[in-house]
Amino acid sequence: MTWLVEQGLLDRGDARHVVLPRAVALALRGGRTHREPARPPVVGGGAVERAVELVAAESTAAAERAARLVGHLVRVWGGTPPPVLRSGGLGVRELRRTAGLLEVDEVEAALVVELAGAAGLVADDGEEVPSFVPTVLADEWAASALPARWARLADVWLTTTRTPWLVGGRDERGSVVAALDPELHRSWAPRLRRSVLDVLAATPGGAAPGAEQVVETLRWRTPRAVPPTPAVAAVLSEAAFLGVSGAGALAPAGRALLLEDAEGAASALAACLPEPVEELLLQGDLTGVVPGRPSAALEDLLDRAAVVESRGGALTVRFTPTSVRGALDAGTTAEALLADLAGRARGGVPQALEYLVRDAARRHGRLRAGMASSYVRADDPALLAGLVDDPRLARLGLVQLAPTVLAAQAPTGELLDALREHGLAPVAETPDGQVLHGTPTVHRVRGRAADRARRRALDGGPMPEVDPTARLTSLVRRLRAAEPADDDPGHDSPAAAPPADRAADRVRATEQPSPPRRWCCCARRPPTARRCGWSSSARRVCRSAGCCARCESRAGGCGRWTPSARPS
């Protein structure tokens, strides 16, 4: 090392380090600053090649599935809204329940929930017990065509700052990150999505680079801001779920989405979608097959009356007593349901399915349920005759359930009063039929009003029924009794106090605002009032000698006490 320094091949940097001179370094590299020239990575190099038709088919299938799952979420939450956590997110149990209803895993369920929230389809209702409820925008979104619905979701996904892939992880405090959590925003998320899609757009058509290849390209483009590989993999997974990419390659609709052309993206997706199918192949085992993508009307019919068994190239459904009863509960009759099925069935409605529908309709509605606040019963039906049709009792909402039983929408007390005004003599009864003798309601004042009345009574203050002259006489008597004796050595009279102190006391009495709770001095307080600490010859029970413990006054009495106000 010493010889290299002596020969000038190394320079001393400090006592412990040496530095290679620039001329020596260039000579060692043959006059070059780097051993090899830096070249950008080949975009899509080594990526798997996909057929264009396969990319389009996978993209359209994923786009249709994503829109269907979001629509299903809106319908499910419209019926049973999940509660909002105190932190503002969706609970783990509710996310798990939603995943079961959507028949997906929790990762995809979190993505569906975040898409619906970012698109404004669900929101916190802001009630006292808040819940996530679909908005009015959800109805407009559901009424639009499939390409428009997908374009709305894809555009929101590309521009939102939400990061759904963080749901289920742990934050810096160690808490589980919930879906729809207000703290799930990341300002760099839209830039990351666009940069990843730019890499896919730069690859040849059909090339499907992986997350590592995308990261290498981004490292060359932005060496000082290289995104982590898990985040890039999450963006690629979300793009595949939404149909922005198909089979790992960027789809035509995704390329249009990068140009910020939502209508163009919707048109590109519509061009790749197969034609909707209106036919339904019904089979004798109570199943049905839709050979293709069902139309909106056929999909609505199957959602109401059947259960989906499988999806793929063809949609397979099964009709069950429960699913048929659901259609009847929605207002469909057996004849209307059979007519809708016959109009779309290629070979007619099988006899087994017709029997199932008619049997479900025969048993549907045999039991009825309603709501009533009270009831009236009598052993003699003549006593109840005419009560239902009496216009004077119309406000009670009487309904005849049996010749001797009437149900009412009014409370029991109001019902009894109305019947007594009608000239009847009803009585209340317990659930087991025992007569319940009512007692009149006795009202009493509580809270602050009762405390004020009690304080006035204890302080000798005015009561509402006391004569004002008696009040004044009592007040003067108490004030005179509280005046200190002149010969009291333990009391500093006002005359003995310095003029500056007397002036300060007068200023304090006039300028000091009345506190929320006034105190009387010990010399002027009644026996039950709290002590303020004033030292007086009238009552030697003070906590301080010669001054008020609260206002530190030594002359003229307690500064917290004003003769014009009633002490309390």
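**A first look**

Author: Buried residues make up 36% of the 568 residues in the chain, where buried means under 20% relative accessible area, exposed over 50% and partly exposed in between (1.4 Å probe, protein chains only). This is a predicted model, so local features need pLDDT of at least 70 and side-chain atom pairs pLDDT 80 or more, while totals for chains, interfaces and linings use all residues. Residues are numbered from 1 along each chain as its sequence is written, and side-chain values use heavy atoms, with hydrogens and water left out.

Reader: How many helices and strands are there in the chain?

Author: Helices (H or I, at least four residues) and strands (E, at least two) are DSSP runs, numbered from the N terminus. Going by that, the chain has 21 helices and 19 strands.

Reader: Is T60 buried or exposed?

Author: Start with where to look: T60 sits in helix α3, residues 52–79. Contact means heavy atoms within 4.5 Å, and, leaving aside neighbours within four places in sequence, T60 is in contact with L269, C272 and L273. Its relative accessible area is 7%, so T60 counts as buried.

Reader: Which element gives the most to the lining of the largest pocket?

Author: A quick word on the method: on a 1 Å grid over the protein atoms alone, a pocket is an open set of points where a 1.4 Å probe fits, with protein on both sides within 12 Å along at least five of seven lines, and lining residues have an atom within 4 Å of a point. The largest pocket is lined by 40 residues, of which E64, R68, R149, E299 and R311 lie nearest its centre. Elements giving two or more residues to this lining are α3, α6 (136–143), α7 (146–159), β9 (276–277), β12 (293–294) and α13 (296–305). With 12 residues, the one that gives the most is α3.

Reader: How many charged residues does the lining of the largest pocket have?

Author: Ala, Val, Leu, Ile, Met, Phe, Trp, Tyr, Cys and Pro count as nonpolar, Asp, Glu, Lys and Arg as charged, and the others, Gly among them, as polar. Sorted that way, the lining has 19 nonpolar and 8 polar residues, and the charged ones number 13.

Reader: Which backbone oxygen lies 2.8 Å from a polar atom of the side chain of S323?

Author: S323 is in helix α14, residues 321–329. With a relative accessible area of 9%, S323 is buried, and, apart from neighbours within four places in sequence, S323 is in contact with R304, A305, A306, V307 and R318. The backbone oxygen at 2.8 Å from its side chain belongs to T320.

Reader: What is the phi of L180?

Author: Most residues other than glycine have a negative phi. L180 is found in the loop between α7 and α8 (189–202), and its relative accessible area of 14% makes it buried. Though not a glycine, L180 has a positive phi of about 65°.

Reader: And A247, is that buried or partly exposed?

Author: A247 lies in the loop between β7 (245–246) and β8 (249–250). Phi of A247 is positive too, near 60°, in a residue other than glycine. At 27% relative accessibility, A247 counts as partly exposed.

Notes
Polar contact = N/O pair within 3.5 Å; in protein donor to acceptor, adjacent residues only side chain to side chain.
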